Amino acid sequence: MPLTPAILEMGMGIDLHGQNYTEAARRATWNAVHQSSLMFLGLLGPDTSREMIVEVTIGIPKPEAVDHDVVLGVLPHGKGVLNVVQGGLEIEGREGSGDFTIMANAAIIVKVDVD
């Protein structure tokens, strides 16, 4: 079954005070997913939304701190694949406070069988 990229969506997620990299990544993924309505998928067959591949790429300052299962748990349909890379932002709101805000970026590519 050859899969064709059909959708590209982007999102951003922030954890303001918890320094929780997984939560920022989860929110970025949620943001990207909820900016799209995949109404056309039913035209490709009844199993399309279950069989599609959803490739999620997260850019975040500490990729190793992200729980993959939590992030992929946001996906309402398809089979999720997660790639976490160096990116995003980590900023200290007030110098010396130790209170960092974590910002993550998500890019989601949905691949479907169009044959």
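Biologist: Let's start with Leu43: is it buried, partly exposed or exposed?

Modeller: Keep in mind that this is a predicted model, so everything here is computed from it. Leu43 sits in the loop between α1 and α2. Exposed means over 50% relative accessible area. Leu43 comes out at 74%, so it counts as exposed.

Biologist: Which residues form a nonpolar patch on the surface with Leu43?

Modeller: The patch is nonpolar, and its members together have about 380 Å² of accessible area. Besides Leu43, the residues in it are Phe40, Leu44 and Val114.

Biologist: Let me zoom out. In what order do the helices and strands run from the N terminus on?

Modeller: The chain has three helices and five strands. Its C-alpha trace spans about 55 × 25 × 20 Å along the principal axes. Reading from the N terminus, the order is β-α-α-β-α-β-β-β.

Biologist: And what share of the residues counts as buried?

Modeller: The cut-off for buried is under 20% relative accessible area. The chain has 115 residues, and the share that counts as buried is 34%.

Biologist: Now for the charged pairs. How many salt bridges does the structure hold?

Modeller: To count as one, a side-chain nitrogen of Lys or Arg has to be within 4 Å of a carboxyl oxygen of Asp or Glu. Asp15 and Arg27 pass, with their closest N and O atoms 3.7 Å apart. For the whole structure, the count is six.

Biologist: How many residues in sequence separate Lys111 from Glu55?

Modeller: These two form a salt bridge as well, with the closest N and O atoms 3.0 Å apart. Lys111 is in strand β5 and Glu55 in strand β2, so the pair ties together parts of the chain that are 56 residues apart in sequence.

Biologist: Are Lys111 and Glu55 buried, partly exposed or exposed?

Modeller: Buried would need a value under 20%, and exposed one over 50%. Lys111 has 21% relative accessibility, and Glu55 has 27%. So Lys111 counts as partly exposed, and Glu55 is also partly exposed.

Biologist: Next, the largest pocket. How much space lies in it?

Modeller: Rolling a probe the size of a water molecule over the atoms shows where empty space is left. For the largest pocket, that space is about 230 Å³.

Biologist: Which residues of its lining are the closest to its centre?

Modeller: The lining has 17 residues, and they divide into 11 nonpolar, five polar and one charged. The closest to the centre are Val33, Leu38, Met52, Pro76 and Val110.

Biologist: What is the phi of Gln19?

Modeller: Most residues other than glycine have a negative phi. Gln19 lies in the loop between β1 and α1, and it is partly exposed at 35% relative accessibility. Although Gln19 is not a glycine, its phi is positive, at about 50°.

Biologist: One last thing: how far apart are the C-alpha atoms of Ala65 and Tyr21?

Modeller: Ala65 is in the loop between β2 and α3, and it counts as partly exposed, with 35% relative accessibility. Along the chain, Ala65 and Tyr21 are 44 residues apart.

Key: Residues numbered from 1 in each chain as written. Predicted model: local features only at pLDDT ≥ 70, side-chain atom pairs only at ≥ 80, totals over all residues. Heavy atoms only, no water. 1 Å grid on protein atoms, 1.4 Å probe; cavity = no way out; pocket = protein on both sides within 12 Å on 5 of 7 lines; lining within 4 Å. Points joined across faces, edges and corners; volume = space filled by probe spheres on them. Nonpolar A, V, L, I, M, F, W, Y, C, P; charged D, E, K, R; others polar. Helix = DSSP H or I, 4+ residues; strand = E, 2+ residues; numbered from the N terminus. Buried < 20%, exposed > 50% of the residue type's maximum accessible area, 1.4 Å probe, protein only. Patch = residues over 30% accessible without salt bridge, like charges linked within 9 Å, V, L, I, M, F, W, Y side chains within 5 Å. Areas by Shrake-Rupley, 256 points an atom, 1.4 Å probe, with all protein chains shown as cover.
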